[in-house]
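Open the model in your viewer and keep the selection tool ready. The tour moves from one selection to the next.

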Amino acid sequence: MAVSAGVERLMNEYNRFKNVTLNDLFDKDENRALKYAIEFDGLYYDYSKNRFDDNVLQALFELAKEHHLKERIEAMFSGEKINITENRAVLHTALRNFSGKPVMVDGVDVMPEIRRVLAKMKTFSDDVRDGTFRGATGKKLKNIVNIGIGGSDLGPFMAVQALQKYADKEINSYFISNIDGTACAEVLNKIKPEETLFIVASKTFTTIETLTNAKTCRAWLVEALGESAVKNHFVALSTNAKAVAEFGIDVNNMFEFWDFVGGRYSMWSAIGLSIALAVGFENFEDMLKGAEAMDKHFRETELEKNIPVIMALIGIWYNDYYNIHRYGVIPYDQYLKFLPSYLQQLDMESNGKSVRLDNKKITDYATGPALFGGAGTDVQHSFFQLLHQGTEPVPVDFIIPAISLNESGVHHEILLANVLAQAEALMKGKTVEEAAAELRAAGKSEVEIEKLKLNKSFDGNRPSNMFVIDKLTPYTLGMLVAMYEHKVFVQGVIWEIDSFDQWGVELGKQLALKILPELQGKAEAKHDSSTSSLIARIKKVRE
């Protein structure tokens, strides 16, 4: 691919700027922290601890304009079929559209159907929570088991965990996704059938992992309560009414969603039913409204003050010019401990691509950085060693609420001190001379100092973003997730890829369907020698 003017300018900026350190930048401009920070609706984004100056930023914004970013954003919100390999619109944003304005797809306003399903979700979740809808024996349903996989599991699971403070204490939420039989067994061992509602989340109602788990749970229920109990204890999130009815689920308890909603963007849809059941529909709706606020910011704000755009462009800068192909997301909030796992799918399934929109193979730049993370302060004692002293820098997103939902003594002040200290330490580092001086002040001999000073020094110059929310609420959770959704989309636009398909998950599924009968002795194994010998070995042990 020919090098564009924007790319060429950024290459020149990189060559000019690559040896400038963060400490240099802060020493040069005492107002840098205020200059490179944005406050929006209870969210404060400090991006000053990143390796850029005004010239780099302007070159990044020019690159975005060269890729017609504003037009691409508008195309998504307007219902154009920007998912080109599947010929679909991309309208998870319509699921949280409270403006009253229509959203058109193929000449049809999709908002009436979205509002209808939301109203149905509200009625059903209210009825379960207040006991109007009960199990077959008349008992109140207090165990909610969501059966899904991928986006039908990760989003609802993350949100229910994040919003535990807002959850009904009489409702227990469980999630089954893994085809490993242990996943089912461990949940079923904890619950009583007469008090349990199963939610089967599968758009086509054919997903092998989900349907296998659902059938196991159905058999367990039927054995205890009889066939007629299925309609009182199972609901479906699907579009396949025929298969849902054949399973024994009342189609009146089937909640639809649409092709313009990708799995990893689906917790805003009927897939979020488990969230509404756990925390109440009003809190679920507040989460949607928080996402809508970020949607408006993303759609309407100029690029230079646009939080998801700036996040994305800084990520492009590191990925494509510094050749840093990984980043960390570290929430300093126990409720958000599963946010990094959710974002792994959002980012890596969206942008882990190697074919451009023009159907050409990408050979001259990288896409889709690897994401990892966990909750601080726990991860300070696991992988932070690599962040501080590893041979390659890892950009980090830190997320912290200023006010804890569980203020207790000095706990939160210590947590706040830790996240601020980690960001500062990554940036400033510690010189060999400073390490030697510390050792000397501690009474170490010159021999000991010589032995330890390198090990106790830190390169620094390691970038981070800091996101400070006032407090974790359903609204702010919605804002945070939508912020990352839009950041991922912007990077896909710059990389000229389709961020909304996921063909990469198909090959393994296809081969698994071939291997299954071979493991069961119903077909002869015909693979590479490694796979065939592994099949033979496993069969021998199982026999």
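The stops below cover a sheet, the helices on it and a helix pair.

This is a predicted model: local features need pLDDT of at least 70, side-chain atom pairs count only at pLDDT 80 or more, and totals for chains, interfaces and linings use all residues. Residues are numbered from 1 along each chain as its sequence is written, and side-chain values use heavy atoms, leaving out hydrogens and water.

**The sheet.** Show the strands (DSSP runs of E, at least two residues; helices are H or I, at least four, and both are numbered from the N terminus). Six of them form an open, mixed sheet, ordered β1-β2-β13-β12-β10-β11. Strands count as paired if DSSP finds at least two bridges between them. Select 37–40 and 370–373: these are the edge strands β1 and β11, each pairing on one side only. From one strand to the next, the twist averages 15°.

**Inside the sheet.** Select 396–401 and 464–469. These are β12 and β13, parallel and joined by six bridges. Find I400; opposite stands V468 in β13.

**Helices on the sheet.** α15 touches β10 (326–331), β11 and β12, with contact meaning heavy atoms within 4.5 Å. Its direction makes about 175° with that of β11. Angles run from 0 to 180 degrees between N-to-C directions; axes are lines fitted to C-alpha atoms, for helices over the stretch in contact. Now select 411–428: α17 lies across β12 and β13, at about 160° to β12.

**The helix pair.** G151, L154, G155 and M158 in α7 meet L339, S341, Y342 and Q345 in α15.
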